[in-house]
Structures are given as C-alpha cells and as structure tokens.
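Visitor: I am new to this structure and would like to be guided through it slowly. Could we look at it together?

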Amino acid sequence: MKGISKYTTVVKLGIQEAVEYRIDFLFNMINGCFTVFIQFFMWTAIYGTSENDVLYGFSYPQMMVYIIMAGILANVTSTGFEYEIADDIREGTLSRFLVQPIAYFPYRTVLFLGRKILAFVVIVVVSAVTLTVLHFTLGAEFAAMNILLTFLIVPLSLLLNSVIFYCVSMAAFWMTRAWGVFQGMGVISMVLSGGIFPLDVFGETAKSIFMLLPFQYVVYFPLNIICGNMNGNDILFGIAAQIFWIVAVYGLSRILWRLGMKKYIAAGG
Amino acid sequence: MFTEIKKHFKIYGHFLKYSIMEQLEYRANFILGIIVECTWLCTKLLYVFITQSTGALVGGYTPDEIMLYVGVFMILTALYVGLFSWNFYFFSWGVSRGELDMIMVKPVSLQFFMTTRYINISVPIPNIIGGTALIVIAWGRIGLEASIRNILFFILFLFGGMVVTYALFLIPHLSAFWTIKTQGITEISSRMWDFNNMPMQIYNKWWQRLGVFFIPVFVITNFPVMALFNNMSLLHLIWGFAVPAVMFIGIRLFWKVAISKYSSAGG
C-alpha cells in the first residue's frame with residue numbers, strides 16, 4: 001500500500017506541474033493547429049483537383065478526421081522528459097534516485113502520465129467538438145463504439161510512446177550531449193507513427209515495413225479505428241501488439257539501463 | 001557611410017570565421033546537426049512525394065512546379081536557419097540574462113552584432129543540397145524557359161524574402177525586452193515559417209491577403225517562385241519591392257523603441 005501511495009503522490013505532482021504550466025500546453029496546442037491548418041488546405045486542394053474521391057484509402061472527410069485528430073494525438077503523446085533524464089545523467093542528479101526508495105523508471109513514467117492527465121481530459125473535449133463539427137460540415141461518419149475504443153486505447157499509446165522515449169533517453173549514458181539523438185528520434189517517430197500523414201501515403205512496401213515497428217501504435221492505429229478502417233479482429237490484434245511493444249521496449253530499456261549504470265560516474269555522463 | 005559598410009562587412013567576415021571554427025571544434029555535434037536536419041528535410045520531401053504520387057494540382061501548381069516551389073523553400077530555410085534563427089534565440093536569452101551590457105559599448109551597431117554574429121553551418125548544408133537538387137530536377141521537367149527579367153526578379157525577390165524573414169521573425173524575439181519568458185511566442189512565430197511550405201494559392205482569398213499584406217509571411221517563398229513563372233499581378237510586383245524596405249525600416253524603429261526598455265537585469 002505504501003508502495004502505491006508514493007506513486008500516487010508523484011501523479012499528483014505531475015498534475016500540479018501540468019496546471020502550473022497550462023499556458024505552455026496552450027501554446028503547444030496552438031503550434032499543433034498551425035500544422036493541421038496547412039494540411040487542411042493542402043489536402044482540400046489535392047482532393048479538389050484529383051480525379052479520385054478516395055486517395056490512399058481515405059475519402060476527403062476521413063482524411064480531414066485523420067489529419068486533425070493526428071495533430072491532437074501527436075500533441076498529447078509527445079514526451080519531452082528525455083531531456084530531463086539526460087540532465088539527471090549528465091549532472092549526476094540521478095544518484096539521489098539510486099538511494100531513495102523509488103525506482104527511476106516508474107517515477108518517470110508515473111510523473112509523465114500525471115502531467116498528461118489534464119491534457120487527456122482537454123483532448124477528449126476538443127476531439128468530441130471536432131468530430132461533431134466534421135460530422136455536420138463534411139458528413140464524416142463515425143461509429144460511437146469506435147470513438148469509445150479509441151479513447152480507451154490512447155492511454156496505451158501514451159504509455160508506449162513514454163517507454164520508447166525512455167529507451168531513447170538511455171543514450172545520455174554514452175553521450176554528453178544527446179539532444180541530436182532526441183530531436184532526430186522525435187522527427188522519425190512523428191513520421192513513422194503517422195503523426196503527419198497516414199502511413200498509406202508511403203506506398204505498400206514502405207508501409208508494410210513501418211507496420212513492423214512500434215511507432216504506428218502511437219497515432220496511426222488509434223486513428224484508423226476512428227476512421228472506421230479496422231474490424232474487430234484488427235483492433236484486438238492491435239491492442240495485443242501495443243502491449244507486446246510496451247513490454248518489449250521496456251525490456252530493452254532495462255538492458256540499456258544496466259549497461260548505462262556501469263558507465264555512470266555520478267559526475268556527468 | 002561607405003567606410004561604415006566596409007567595416008561591417010569586415011566584421012561579418014570575422015563572425016563567419018569564428019562560427020566555422022567554433023562549430024568544427026565540436027565535430028560530433030556538427031555531424032549530428034546535419035543528421036537531424038536531414039530528418040526534417042525528409043518531412044519536407046513528403047509534401048513533394050504526395051503531390052507527385054497523386055498528380056493533383058495544388059493551388060494551381062502542377063506536381064513539378066510544387067517540386068520547384070519546395071526547392072526554393074528549402075534554400076530559404078537554409079538561409080533563415082543559417083544566418084538568423086540562432087541569433088534570434090541567443091538574443092532573447094541574452095536579454096533575459098542582462099548580457100547586452102558589454103556588447104552595447106562596442107563601436108559597432110548593436111542590432112547588427114546581436115542579430116548576425118552566429119552563422120550556423122551544419123543545418124543549411126542538407127537544405128542547400130536538397131533544395132538545389134529539387135530546383136534542378138523540376139526545372140528540367142517543366143522545361144522552364146525563364147527570361148533574364150524573370151530570373152532577375154527571382155533573385156531580387158529571394159533577397160527581399162530574406163529581408164522580410166529577418167524583420168518578421170525578429171519581432172517576436174524583441175518581446176524579450178518586455179517579458180522575460182518569450183519561448184511561447186517565439187515557438188509560435190517559428191511555426192509560422194511552415195506556412196511557406198506550400199503555395200499561398202491553397203488558402204482562400206482572405207488568408208492570402210492576411211499573409212501578403214498584414215503579416216507578410218507568404219511574400220517570402222511565394223513571390224520569388226511567382227516571379228519565375230511570370231504570374232505576378234502588378235499589385236504583387238509593387239508590394240514585392242516595397243515590403244522588404246517597409247519591414248526593414250519598421251524593424252529598425254521597433255528595435256530602437258525596444259532597446260530603450262533594456263534594464264541590464266533582465267526584462
């Protein structure tokens with residue numbers, strides 16, 4: 001019980017931080033809107049002059065749902081704690097976690113999820129408004145069950161992205177300045193998760209390769225459920241794959257942590 | 001006047017020399033910077049890839065014309081990131097830490113010193129290579145036979161676009177003289193850069209007017225390309241020449257107002 005209570009305290013800490021930095025969250029949302037705004041007009045122009053009503057397997061209303069929801073979801077699943085972990089390793093402040101009765105990975109994950117609770121509530125409301133507007137303006141159709149399933153799956157997407165970037169942050173054990181790795185990985189993850197465009201735009205060969213990676217389960221998979229491109233079996237398989245990747249990437253990060261701790265000298269990388 | 005210009009050119013040469021020396025000293029960071037920029041470059045190429053694979057017209061531009069447009073956007077991104085953006089970020093950081101004191105007493109323009117001293121070498125490399133390649137390929141495919149007048153206008157508007165970029169993207173950073181934390185505003189303004197990713201013709205008339213005449217972000221990439229394709233209206237042509245001058249004078253006056261708020265202790 002005591003073990004759980006210390007993590008509930010960390011969750012509260014995360015929520016407090018999110019409330020304190022709410023303007024930062026607002027600015028991030030506005031930034032995300034710019035990308036969606038450009039894509040909205042670009043796809044409208046493309047669909048307007050294309051001979052086909054369906055491009056890459058998406059009708060115009062489906063594509064609008066995808067790009068708007070991808071902007072929202074990519075925003076809410078973004079991490080940023082990898083820079084804090086790198087600072088902990090470089091400046092030696094990781095040492096205090098080694099002597100405190102709290103494990104570093106659960107601490108970071110729970111803090112991250114706590115920070116995202118407020119964002120999650122906001123995106124549920126924003127998404128509900130967006131989907132309603134798209135339904136009445138463009139005639140986009142959604143099954144209520146699919147929307148519900150998506151929002152049940154989003155916490156798993158959050159967890160998956162958090163373990164991926166926790167794993168990436170282990171690079172700081174070997175590199176004094178790991179910002180380049182984080183930034184590069186951020187862009188790669190954004191593209192391969194379907195956070196900018198649906199993975200279908202890359203063509204069948206590239207898509208089949210990307211589907212073997214964990215990134216697609218962060219954005220592409222939940223959004224395909226909303227767009228109605230998945231049946232019950234696909235959804236069940238997707239959830240199982242999400243859980244598999246969370247366990248597998250966490251396992252990899254544990255190995256890297258053990259190797260990294262042998263390099264750690266508590267005085268900077 | 002001539003001596004002053006000559007002096008500033010000489011100083012700029014020193015800035016370039018020291019920037020190269022500094023960045024080559026940290027070679028791993030230099031190479032990492034190139035790799036990170038390559039990943040960004042790939043996201044820009046995605047837009048070309050999509051237009052090529054759908055074959056659709058985007059804002060009246062054919063896929064090959066879009067390729068040329070994105071190439072010009074990459075070149076301008078290289079110039080913006082290479083020449084200005086680092087300086088703007090360091091500038092607002094320096095203001096918040098009260099670090100202008102020692103620079104103010106130097107016998108050189110403070111604005112010139114603070115906004116041009118760092119020249120980023122690594123980030124522009126992939127953009128220049130990628131941008132040039134796209135322009136060359138697209139030029140051949142379109143079979144563009146631009147007249148000397150069009151090419152001259154293209155170069156002039158490219159230079160004008162740089163001046164507008166300098167003025168427009170420096171404005172948010174000047175807020176550092178009033179508010180210590182400028183990150184939110186500057187992040188939003190730097191995202192505005194992405195509006196150049198696609199031709200302005202994809203937006204409706206009101207957005208176009210806003211982006212050309214009020215916040216002239218569309219002038220930066222659209223005007224050089226429009227000049228090359230010879231599809232500029234007379235109003236756009238006049239505005240294309242006027243707006244860099246207006247913006248440059250405007251930013252100079254705004255700088256003078258902003259600098260008077262400097263208290264050397266942040267904010």
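Visitor: What is the handedness of the crossing of H3(A) and H6(A)?
Guide: This is a predicted model, in which local features need pLDDT of at least 70 and side-chain atom pairs pLDDT 80 or more, while totals for chains, interfaces and linings use all residues. Residues are numbered from 1 along each chain as its sequence is written, chains are lettered from A and ligands numbered from 1 in the order written, and side-chain values use heavy atoms, leaving out hydrogens and water. Helices are DSSP runs of H or I with at least four residues, numbered from the N terminus, and a crossing is left-handed if the near helix is turned anticlockwise from the far one by less than a right angle, and right-handed if clockwise. For H3(A) and H6(A), the crossing is right-handed.

Visitor: How are H3(A) and H6(A) oriented to each other?
Guide: Axes are lines fitted to C-alpha atoms, for helices over the stretch in contact, with angles from 0 to 180 degrees between N-to-C directions. Helix H3 (residues 60-77) of chain A packs with H6(A) at an angle of about 165°, the axes being 9 Å apart. Angles under 35 degrees count as roughly parallel, over 145 as roughly antiparallel, 65 to 115 as roughly perpendicular and the rest as oblique, and H3(A) and H6(A) are therefore roughly antiparallel.

Visitor: How many nonpolar, polar and charged residues does the contact of H3(A) with H6(A) have?
Guide: In this contact (heavy atoms within 4.5 Å), the residues include A:Ile68 and A:Ile72 of H3(A) and A:Phe120 and A:Ile123 of H6(A). Ala, Val, Leu, Ile, Met, Phe, Trp, Tyr, Cys and Pro count as nonpolar, Asp, Glu, Lys and Arg as charged, and the others, Gly among them, as polar. The division is 16 nonpolar, 4 polar and 1 charged.

Visitor: Which residue meets A:Arg108 in a salt bridge?
Guide: A salt bridge is a side-chain nitrogen of Lys or Arg within 4 Å of a carboxyl oxygen of Asp or Glu. The pair links distant parts of the chain, with A:Arg108 in helix H6 (residues 104-138) and its partner in helix H4 (residues 81-91), 24 residues apart. At 2.7 Å, N to O, the partner of A:Arg108 is A:Glu84.

Visitor: How are H3(B) and H7(B) oriented to each other?
Guide: The axes of helix H3 (residues 63-96) and helix H7 (residues 148-174) of chain B come within 10 Å and cross at roughly 30°. That makes H3(B) and H7(B) roughly parallel.

Visitor: Which three residues supply 21% of the area that chain A buries against chain B?
Guide: Buried area is the accessible area (1.4 Å probe) that two parts lose on being put together, summed over both. Chain A and chain B bury about 2,800 Å² between them, 79% of it on carbon and sulfur atoms. The three residues, supplying more than any other three, are A:Phe34, A:Ile38 and A:Phe41.

Visitor: How many salt bridges does the rule find across the interface of chain A and chain B?
Guide: Over all chains, a search of the whole structure finds 9 salt bridges. Across the interface of chain A and chain B, the number found is 0.

How values were computed. Helices (H or I, at least four residues) and strands (E, at least two) are DSSP runs, numbered from the N terminus.
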